[in-house]
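Good morning, and thank you for coming.

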Amino acid sequence: WLASPDEPAAGWLEHRLRRGVCEGRAEIGDILWLECNAAELNGVSFTKGCFVGQENTARMNWRSRVNRRLLVLSGEGERTRVEYPELGLSVAHLRIDAIPGNAIVPDWLKPALPQPSTA
């Protein structure tokens with residue numbers, strides 16, 4: 001995605017969203033760091049300290065209490081934060097026990113989500 005400074009990065013927004021990566025104030029805003037999938041994207045370290053929100057982040061991680069996730073949806077859904085109608089995508093902050101069928105769940109995020117029971 002490197003190009004000369006006078007050329008826009010055509011296609012970057014859709015590329016990023018289809019891979020389930022959210023960024024910026026409009027998409028992330030004031031959501032807790034682990035709910036933004038920061039651990040799965042290697043955006044937070046649990047071995048080094050001294051960052052804002054370190055205590056809450058560590059507590060949520062060790063207690064496995066991440067109840068909501070920031071997800072990209074194909075189309076619209078509840079609790080939508082940002083819509084991209086030209087791409088047919090939106091970003092929503094959803095409970096992990098109510099992820100809709102139109103959610104784009106990349107392989108890197110699947111291990112962090114509850115798995116359906118096979119019993």
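Let me begin with a question: does Arg69 count as buried or exposed, and at what relative accessibility? At 4% relative accessibility, Arg69 counts as buried. By buried I mean under 20% relative accessible area, by exposed over 50%, and by partly exposed anything in between, with a 1.4 Å probe and protein chains only.

Before I continue, a word on the source. This is a predicted model, in which local features need pLDDT of at least 70 and side-chain atom pairs count only at pLDDT 80 or more, while totals for chains, interfaces and linings use all residues. Residues are numbered from 1 along each chain as its sequence is written, and side-chain values use heavy atoms, with hydrogens and water left out.

Let us stay with Arg69, whose place is in strand β1. Its side chain reaches the backbone oxygen of Leu34 at 3.4 Å. This is a polar contact, that is, a pair of N or O atoms within 3.5 Å; within protein, one must be able to donate a hydrogen and the other to accept it, and residues adjacent in sequence count only if both atoms are side-chain atoms. If we use contact to mean heavy atoms within 4.5 Å, and leave aside neighbours within four places in sequence, the partners of Arg69 include Leu34, Asn37, His93 and Leu113.

Now to the chain as a whole. It has three helices and four strands, and from the N terminus on, the elements run α-α-α-β-β-β-β. Helices (H or I, at least four residues) and strands (E, at least two) are DSSP runs, numbered from the N terminus. Of the 119 residues in the chain, 29% are buried. The accessible surface comes to about 8,000 Å², and 52% of it belongs to carbon and sulfur atoms; such areas come from the Shrake-Rupley method with a 1.4 Å probe, and for residues only the protein chains shown count as cover. Among contacts with a separation of 6 or more, 52% involve residues 24 or more positions apart.

Two strands pair if DSSP finds at least two bridges between them.

Strand β1 (residues 68-74) is joined to β3 by seven bridges; Leu70 stands opposite His93, and Ser74 stands opposite Leu89. Strand β2 (residues 80-84) pairs with β3 over four bridges, where Thr80 stands opposite Ala92. The hairpin of β2 and β3 has four residues between the strands, and there Gly88 takes a positive phi near 70 degrees. Finally, two bridges join β1 to β4 (residues 103-104), and Val72 has Ile104 as its bridge partner.

How well covered are the strands? In β3 (residues 89-95), six of the seven residues are buried, so this strand is largely enclosed by the rest of the structure. Strand β1 is mostly covered, with five of its seven residues buried.

I turn next to the backbone. Most residues other than glycine have a negative phi. Asn37, however, has a positive phi near 70 degrees. Asn37 lies in the loop between α2 (24-27) and α3 (54-62), and is buried, with a relative accessible area of 1%. Arg79 also is not a glycine, yet has a positive phi of about 55 degrees; the place of Arg79 is in the loop between β1 and β2.

My last topic is the cysteines. How many disulfides does a search of the whole structure find? The search finds zero, where a disulfide is a pair of cysteine sulfur atoms within 2.5 Å.

Thank you for your attention.
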